[in-house]
Amino acid sequence: MDSTKKRGIRSLFGDRAFYKTVIAVMLPIVIQNGVTNLVNLLDNVMVGQLSTESMSGVSIVNQFVLIFYLAIFGGMSGPGIYTAQFHGKGDEEGERKSFLFKIYIALAAAVSGIVLFSIFGENFISLFLHDGSQTGDLELTMQEGLKYLKISMIGFIPYALSNAFAATLRETGKTVLPMISGIAAVGTNFALNIVLIFGYLGFPAMGVEGAAIATVISRFVELIILVIGTIKHKADNAFIRNLRGSFRIGKKLASQMLIKSIPLLTNEILWSLAIVMRNQTYSTRGLDVVGAQNIASTLGNLFNVVYLSVGTAVAILIGNLLGASEIEKAKDHSKKLIAFSVICAAVTGVFMAISAPFFPNLYQTSDEIRELATYMLFVQACFIPIDAICNSAYFTLRSGGRIFWTIVADSGFMWTVATPLAMILAYGTDISIWILFPICYGTAVLKATLSLTLLKVVPWARSIVGKKEQSPDQVTEDTDAAHPDEQTQ
């Protein structure tokens, strides 16, 4: 290997100080998300003890609820770009106003989600109910799904507000409180699930309704801890200080954040819809596939936590560097973070593959579903490093406010390549799920290639919050003038 290649490889790895910083940011996020997904896994197993119909009904609903969750994430992402850069710049007023913007988006999204699911919930669930399985009652699956959905919607508002607080805390380097609130919430959810699903301590056995009630209560627990903890330590949280003085954001800053937020919110909705549509194409092969996909995605979510947390670290660390106008350092750290994410994903992928034959046995379901779930887990384990590249590239492009290219690499790819391919194969051929699943999942290779190409050709590394002396409402478009291609986005 020549010296140029050696230098190129060495540039992908940081020193001890670099990894110490990355781990300090991501470790609380890994712990929080790891505990959350572990408890979700246990919850899923508990619901899976009821029946295949209960498991499938809850799984279908959660796929649509995921759209709401990702819409919240997208809505927070626009002002989140500003929060991270304002924090790197040391602009406390900017942090405060970007936080207020998140609160308004959270409330609007929560109310919209409740209205939408109240009207169309039954229609959404019916999209996944197809004949063709050897096991499963479609009507009972519908009933179980509707029971779960009607109660779950109560938790939309506390969930949205919790995200506004947690996102702002993370973007300003405070990752411990969100971790504590998340652990408390999932602990509450887990304990109440045991009591309410199966009927302990004098409570009736409520099945899927008990699972939904436990989730709603845990959402309120999380919000209460976040609000109290943030206010109690307001000396360290600039965004909460003097908040009562003004609920105005300012037209210029509000419009700039809105310009970033709406496309990102739309992107997350479109991306999650694409995932739902892809999973819906799988369901054309029968209710067995819905059950197997639920099992595989539940364990997959647990192992995905590590690389997803690295993605969050990318948003925080790169955003702070760009806000401080340390452009070259941001570029250098971006490459190292992507490499670190891939390595973490490869390691977790090995453990996921090892777990694949054993995990489905925890469910009270058919042998056919367990066998298919094991196969899906193996496929997912093979592609985790590829998913890690896509995730890190997404947050890198987003950190510099390159919204158009973020959408191109994310939902744009899903709707122009991945989803059409899945629909053509599902509805235009009779190939089995054993072939359909890996082909559709394998499109991640093309997505990763596109993402890395965009990082090379798009000038993403830039500050969007102006110079140090500027106030939030005086954020100019000087940076846009420096990159004319942004005007077309």
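**Cores, helices and salt bridges in a predicted all-chain model**

Leaving aside its neighbours within four places in sequence, Phe64 touches Phe117, Phe124, Ile125, Leu127, Phe128 and Val276, where contact means heavy atoms within 4.5 Å. The model is a predicted one: local features need pLDDT of at least 70, side-chain atom pairs count only at pLDDT 80 or more, and totals for chains, interfaces and linings use all residues. Residues are numbered from 1 along each chain as its sequence is written, and side-chain values use heavy atoms, with hydrogens and water left out.

Phe64 also turns up in the largest nonpolar core, a set of 48 residues in which Ile60, Phe64, Phe68, Ile72, Phe117, Ile125 and Phe156 have the most contacts. A nonpolar core here is a set of buried Ala, Val, Leu, Ile, Met, Phe, Trp, Tyr and Cys residues joined through side-chain atoms within 4.5 Å; buried means under 20% relative accessible area, exposed over 50%, and partly exposed in between (1.4 Å probe, protein chains only). At least two residues of this core come from each of α2 (16-48), α3 (52-89), α4 (92-126), α5 (138-152), α6, α7, α8 and α10. The biggest contributor is α3, whose nine residues are the largest share. Apart from this core lies another, of 45 residues, with Phe18, Val22, Tyr82 and Tyr394 among them.

As for the chain as a whole, there are 16 helices and zero strands. Of the 489 residues, 56% count as buried. Among contacts between residues at least 6 apart in sequence, 84% join residues at least 24 apart. The accessible surface comes to about 20,300 Å², and 66% of that belongs to carbon and sulfur atoms; these areas come from the Shrake-Rupley method with a 1.4 Å probe, and for residues only the protein chains shown count as cover.

Helix α10 (287-323) is mostly covered, with 31 of its 37 residues buried. The helix also bends by about 45° at Val305, the bend being the angle between axes fitted to the seven residues ending there and the seven starting there. After α10 comes Ser325, whose phi is positive, near 65°. Ser325 sits in the loop that leads on to α11 (327-355), and counts as partly exposed because its relative accessible area is 49%. Leu201 is another non-glycine residue with a positive phi, about 55°. This leucine lies in the loop between α7 (176-198) and α8 (208-232), and its 74% relative accessibility is why Leu201 counts as exposed. For background, most residues other than glycine have a negative phi.

Thr168 belongs to helix α6 (residues 156-171) and, at 0% relative accessibility, counts as buried. A polar atom of the Thr168 side chain lies 2.8 Å from the backbone oxygen of Ala164. Beyond neighbours within four places in sequence, Thr168 is in contact with Thr83, Phe99, Lys102 and Phe239.

On the charged side, a search of the whole structure finds ten salt bridges, each a side-chain nitrogen of Lys or Arg within 4 Å of a carboxyl oxygen of Asp or Glu. One of them joins Lys447 and Asp410, with N to O at 3.0 Å. This pair links distant parts of the chain, 37 residues apart, with Lys447 in helix α15 (residues 444-457) and Asp410 in helix α13 (residues 403-428). Lys447 is buried at a relative accessible area of 11%, and Asp410 is buried at 8%.

A local pairing is found in helix α12 (residues 367-399), where Asp367 and Arg370 lie three residues apart, about one turn of the helix. Their closest N and O atoms are 2.8 Å apart. Asp367 counts as exposed at 56% relative accessibility, whereas Arg370 is buried at 16%. The side chains of Asp91 and Lys89 meet in a salt bridge as well, at 3.7 Å from N to O. Asp91 counts as buried at 10%, and Lys89 is buried too, with a relative accessible area of 3%. Finally, Glu93, Arg96 and Lys97 are linked in a network of salt bridges.

Technical notes
Helix = DSSP H or I, 4+ residues; strand = E, 2+ residues; numbered from the N terminus. Polar contact = N/O pair within 3.5 Å; in protein donor to acceptor, adjacent residues only side chain to side chain.
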